[in-house]
Structure formats: C-alpha cells, structure tokens
Amino acid sequence: MFQPLSVSELTQQIKSALAGPEFQSVAVEGEVSNFVHHRSGHMYFSLKDSKSRIKAVMFRSRNQRLQFVPANGDTLIAVGSIGVYEPNGEYQLYVDLLFPQGIGELHLAFERLKEKLEGEGLFDAARKRPLPFLPGRVGVITSPSGAALRDILHVLTRRFPGVQVLIIPALVQGDEAPASLIAALTMAQKTDVDVIIMGRGGGSFEELAAFNDEGLVRAVAASAIPVVSACGHETDFTLTDFAADLRAPTPSAAAELVVPLQQELLENISSLQKRMADSLRRKIQTDRRYLDKLSQSPILQRPDSYLNQLRQRVDELWTGLGRFQRHQVVLRRGKLHAAAGKLEALSPLKTLGRGYAICQNERGEILRAAEQAQEGDTVHITLHKGSLSCTVEGRET
Amino acid sequence: MTELKFEEALARLEEIVRSLEQGESGLDEALVLFEEGVKLARFCNNKLDQAEAKIEIMLNEGQIETFEVKDA
C-alpha cells in the first residue's frame, strides 16, 4: 500500500539518520565562502572544495573565543556536528571549533579535549584554591635531571633560605610520562607537602604532550593539595595549566609564586615589633607626663602643710565647741537654781516648819473641811517633825 | 590554641600594632596587647628561622633521601 510521508515526517527521518555518531563529531577542511558575521553575533558561511559545498553556522557562544576572523577564500578546518535545519530542509555543519589550515592532529585533539574538560567545569575559577602563604614543605614533581628542577630549587632557596622541599621524580616526556606524572601526584597526596609545583622546561607541542593527557589533567583537578603548573615558557599553554590552581609561565616563576621572601618577612615582623614597642613607650610616656602633672598639685606636693591646716581647723572647732558647751552649762545651771528655789517655796515641808499641819484620814485623803471626818474617826496628822494619830471627838462645820 | 597559621599570626600582629598606634586602649589593655604581640612576633620569627634548606627526594620505593644539588 503506497503511503506517502508528509514533508515534516521525511525531514524528521533524515534528521534522525544524520544524528548518528559518525556525524556528531566531524572535522572537515574546506575553503570559506559566503561568510557573514550576522548582527546577532552568529557566523554563517559555506565550506567548499572543487566538487562540493556544505553550509556551516558557528554560533556566537562558540565563535567568541576565536583567535582570528575567518574570511572568504581562507582554507579552514571546522570541527562540529551535522544537523538539519528543518524550515529549509537543509543539512548544515554546526561548528564548535575552527582552525586555520595546517593544524596538526595533536592540536586538534588538544582543542577538542580542552572544549570537553572546560564543559565539565574542570577549569572553573571557582575550583582554584589559594596557595598557602608560607608552605611548610614544597613538593616538586618533575624530572630529577632536568633544568626545570635546578631553576626551581635555585629560586626557592634564594627566596626562602630555610625552605623544605620534597622532590617526587617523574618522567616528563614520552609515552610513559602521563602515567608517571599521575603516580607522582598520587604519591604526593600521601606526604606532608602543602603545595605542589609540577612542570618541566619548555618544548615543542609534542614534547609537552604528557601535560595535555586527559588522565593527568583530571588528576591535577582532583588533587587535594594545591598544584602550581609550570610548563615551558610564557607562550606554551597545556591543559594541565588550565586545571592547576595556579599557572606559572616558567618553573622559576612557579618557585617565585610558591614561597615568600624570607628576608622581607623577617624585616616586616621586626618593623612591626619596633612599632609595637614604640607605641607602648609613647603610651607610658604620655601617662607618666600626666602623672607628673598631677603630682605637681599642692596637696600632693606638700601633704603635711595641708594636713596641718586641717588639724588647726579641727582645733579651732574644738575650742569653739568647748566654749559653747561651757556657756550651755552655765545657762542650764542658772535655770536649775531658779527652778529649785521655786520648788522650795512650794514645798509643804516648809509650811509645816512654820507650824502648819496636814491632816489625813485613814485612806490617806487630805482633809480640808470638818465635814470630811466623823466623830470617832481616826485621823493622821503630819507635823514638821513627826506625826500624830488622833481620834475625832467633836467637830464644827 | 590549635596550630596557628603564620599568616594568621602576622595578620593579628598587624592588628595589634594598629590598635596600639591608635592609642585607644588603656595602659593595662595596652600591656596585654603588647604581650600578645611579642608572643606572635616570636612565633612568626620561629617559623621563619629555619636557617637551613632541606631538600629531599622520594625514591621509587617511597624512601626519602637527601637530594644533592649540583650547580650547573
């Protein structure tokens, strides 16, 4: 039964057919034509040779890091994947990386691996750890016979004469170098070094290949101890450089970065000590001056005279107080005399002395009228001297 | 006190010097700071006073021996 496909269905099938692995990572060499760098930032062009042409697009996110601007007529190598642009029914090359012609296979592999590891975040700045300010022991992973080691040791000992170094030898070139470097890095994790310099002297791209080994790059990224990579000279970048916590342009530079200048630190501390002592001395001087000023005051200067003044004042007060007291006594004594005189004048005893008598009944009541007693009552009469008991025999009222 | 780091000791020493130089603390406090500062400076100097470099190399079997530096 003849069953036609819709255009979309057919396009989908073509798209699926092109999604296979053989088209997902291709490197193709061709001449650039119809190059357009669109306002959006994307680059559109074709790659062609004498017989064929393929459309290509390199999106802005990919082309931002291009080191050169492609131009029509350039022969370039493009790395990317084949995809189908459905609205036009066109297949095209989605370019991830673009290189000038003549780039070797190693370079290509390098760029691809770099792209991949970068995508995994292995080179992220956030992963980088700070180096210790003053490492207790520096680990050096390199060839024990290389010039790099000599340079590193020279700079380390010059900057920090008391530096502690542990060299962990490794092959830095050849097929066995990556495994050897990884083994040394693993070994270093078990030691007490708190920073690692890993590197070698400069060389050709091929000579530095070990430092572009995926396994080594991952080992560097995973190291618990901060790693400073030091490969070659200024211009040689390896993938290890990107994964390391710090990249030094040369082995000597790595050594510079790893230890501080001992002399400078000693001078700094000695200057701090001096400043500390100076400011304390100043503080004490200021306080002493203040104390001196206080001790100039009259009271502290001649405490005796002050005390004498006080004593004199007390004496004066004392004298004044005595005078007052004596005056008071005289005054009170006079009052007492007067009161005693009055009291005497009122005393019944004096009256009795003049011949009067006091008559009391048996209950002790003083009798002032004859009515207060009956005939036969006993009354008691007090005289000036002595007393009488009498019986009432008669009365006149 | 747990193992003090050199840079922490140095930072604290700098802080003490600044504080003393500003002269805001009383004499008692200044003396306490001074004493701490002296200890810190001694600690830092001790850390720096390793006079001799020690350069060793790890051999295949994990043994460590002194590395002879040959001048080129």
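The following legends describe close-up views of a predicted model.

In this predicted model, local features need pLDDT of at least 70 and side-chain atom pairs count only at pLDDT 80 or more, while totals for chains, interfaces and linings use all residues. Residues are numbered from 1 along each chain as its sequence is written, chains are lettered from A, and side-chain values use heavy atoms, without hydrogens or water.

**View 1. Five strands of chain A close into a barrel in the order β1-β2-β3-β5-β4.** The pairing is mixed; strands (DSSP runs of E, at least two residues) are numbered from the N terminus, and two of them pair if DSSP finds at least two bridges between them. Strands β4 (residues 75–85) and β5 (residues 90–100) of chain A run antiparallel and are joined by 10 bridges. I82(A) stands opposite L93(A) in β5(A).

**View 2. D96(A) and R62(A) form a salt bridge, with the closest N and O atoms 3.4 Å apart.** A salt bridge is a side-chain nitrogen of Lys or Arg within 4 Å of a carboxyl oxygen of Asp or Glu. D96(A) lies in strand β5 and R62(A) in helix α3 (residues 60–63) of chain A, so the pair ties together parts 34 residues apart in sequence. Helices are DSSP runs of H or I, at least four residues.

**View 3. K274(A) and D278(A) meet through their side chains in a salt bridge (2.9 Å, N to O).** Both residues belong to helix α10 (residues 262–295) of chain A, four residues apart, and are separated by about one helical turn.

**View 4. A network of salt bridges links K116(A), E120(A), E214(A) and R218(A).**
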